[in-house]
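Good morning, and thank you for the time.

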Amino acid sequence: MVRLCTCIWECFVGNHVGNMAASMDRGKHECDLSIPFPSAKEAEIAYNTLKVDKEPRKEVTKELQLHENTLKARFTATEARLLRVAVGSFMDYLNLTIQTMEHFGPPMKRVR
Amino acid sequence: MPTVIGFEGSANKLGIGIVRDGVVLSNPRHTYITPPGHGFMPRETAKHHQAHAIEILKKCMEEAGLKPDDIDCVCYTKGPGMAAPLISTAVVARTIAQLWDVPIIGVNHCIGHIEMGRLVTGSHNPTVLYVSGGNTQVIAYSQHRYRIFGETIDIAVGNCLDRFARILKLSNDPSPGYNIEQMAKKGKVYIELPYTVKGMDVSFSGILSYIENVAHKKLTAGECTPEDLCFSLQETLFAMLVEITERAMAHCNSNEVLIVGGVGCNERLQQMMRDMAVERGAVVCATDERYCIDNGAMIAQAGWEMYHSGYRTPLEETWCTQRYRTDEVEITWRK
């Protein structure tokens, strides 16, 4: 069984101040994650698992994208605190997904 | 002969079970237990489920003696329940469904209880009393729906009991409801409490506030014991549940009662229900704590029925919902 390597992720938080006249744009926080997987199939499984759940708060947005064997996530929030909670939860679910793949993989293909 | 694996984690119990053609092959479970006086919170409960999911899943497959090839379908609790614990469980279920390349089905938690209750007790078309920490409903099947005839209009009966256990600082191990039950057996004095049946519906929040007040006053003054309060609370709450169940049975001409959900473990409730049923010439069906309490096999059993009758949940629709009414599901597997 192929052991899944420990996932490495990069995270940088930017604080963009929008147009001062538009209060809705003020104080937007962003976080980008890039998570490489051993194979494109495993990245796809993680993508399909994690994209389903909506963020519980509308002040937070989450976008997932799949690029070959890399899962990219972008979070935006109106407050740093909300961003931290959302990214923290995502990392928990990501870790759970990776552990599940590590213990019960590799992916099977059924003949029907 | 489909073999179905079910994932349940809507509250503080994480369970994974496997059912094949009406036989439970395995059903391990782990309960998140908080210190006395404290309830379980969603975030910590989700952490508990995340920490134990892999271990429970391995145990489940080993006890059933199965390999991934043997599984035909993955089922998980779509709702109702706490959001973070539900999602934590669903994440594992979605991943497993993709790894093993099998269909996935989202199951309603309440219907899981009902279908497991029907399977284990062999009851045919019972009036169902579903009582737990999160739900209190009187349900009867009609025209492809589990219809809600009566329910709590505020907190669940199990929630009321659990909160009262917190007031008394009872242990949460194995469960606060169980510990109240044991205390109640030693109670001798009945203390009058509000009786709040509203037609087919019930209300428990007033009773909880009232008995909290009584606890602070009378216990301090030594006018009664904690055992008396547990006894009195059970007598009042359970009499209310028996009344609304009997009313539903009368409306539906039913001669079977099925008690499901965690509070259904309570032997005093079963006894009171049995007394009522005997007077009506009906029978009471109840399961023991293996299936009364939230478990994975009940999700697998309901999932088995759904799978067998053609249900599938597309992966994009495998989200979870904190509110998922029992009567929202079309029951295609019954006539």
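This is a predicted model: local features need pLDDT of at least 70, side-chain atom pairs count only at pLDDT 80 or more; totals for chains, interfaces and linings use all residues.

**The cores**

In the largest nonpolar core, which has 56 residues, Phe90(A), Ile5(B) and Phe7(B) touch the most other members. A nonpolar core here is a set of buried Ala, Val, Leu, Ile, Met, Phe, Trp, Tyr and Cys residues joined through side-chain atoms within 4.5 Å. Buried stands for under 20% relative accessible area, exposed for over 50%, and partly exposed for what lies in between, with a 1.4 Å probe and protein chains only. Helix H2 of chain A, residues 80–104, provides the largest share of this core, twelve residues. Helices (H or I, at least four residues) and strands (E, at least two) are DSSP runs, numbered from the N terminus.

Residues are numbered from 1 along each chain as its sequence is written, chains are lettered from A and ligands numbered from 1 in the order in which they are written, and side-chain values use heavy atoms, with hydrogens and water left out.

Let us return to Ile5(B). Leaving aside neighbours within four places in sequence, Ile5(B) is in contact (heavy atoms within 4.5 Å) with residues including Ile16(B), Leu57(B), Met61(B), Ile71(B) and Ala300(B). Apart from this core lies another, of 47 residues, with Leu170(B), Met200(B), Leu269(B) and Ala277(B) among them. As a general remark, nonpolar side chains in soluble globular proteins tend to be buried together.

**Where the chains meet**

How many residues of chain A are in contact with chain B? There are 22 of them, and they are in contact with 27 residues of chain B. The buried area between the two chains is about 2400 Å², and carbon and sulfur atoms give 59% of that. Buried area is the accessible area (1.4 Å probe) that two parts lose on being put together, summed over both.

Two salt bridges are found across this interface. A salt bridge is a side-chain nitrogen of Lys or Arg within 4 Å of a carboxyl oxygen of Asp or Glu. Lys47(B) forms a salt bridge with Asp92(A), and their closest N and O atoms are 3.1 Å apart. On the side of chain A that touches chain B, helix H1 (40–50) and H2 of chain A each supply at least two residues. The most comes from H2(A), with nine residues. By type, that side of chain A divides into nine nonpolar, seven polar and six charged residues. In this count Ala, Val, Leu, Ile, Met, Phe, Trp, Tyr, Cys and Pro are nonpolar, Asp, Glu, Lys and Arg are charged, and the others, Gly among them, are polar.

**Salt bridges within the chains**

Over all chains, the structure holds 14 salt bridges. One of them joins Glu30(A) and Arg74(A), with the closest N and O atoms 3.9 Å apart. This pair links distant parts of the chain, 44 residues apart: Glu30(A) is in strand S2 (residues 28–36) and Arg74(A) in strand S4 (residues 70–77) of chain A. Glu30(A) is buried, at 17% relative accessible area, whereas Arg74(A) is partly exposed at 35%. Together with Asp32(A), these two residues are linked in a network of salt bridges.

In chain B, Glu243(B) and Arg247(B) form a salt bridge whose closest N and O atoms are 2.8 Å apart. Why are Glu243(B) and Arg247(B) separated by about one helical turn? It is because they are four residues apart in helix H7 (residues 226–252) of chain B.

**Loops of chain B**

A cis peptide bond joins Gly79(B) and Pro80(B), with omega about -10°; Pro80(B) is in the loop between strand S5 (73–79) and helix H2 (83–99) of chain B. Another cis peptide bond joins Asp173(B) and Pro174(B), with omega about 0°. Finally, Asn253(B) has a positive phi of about 55° although it is not a glycine. Asn253(B) lies in the loop between H7 and strand S12 (256–260) of chain B and is exposed, with a relative accessible area of 72%.
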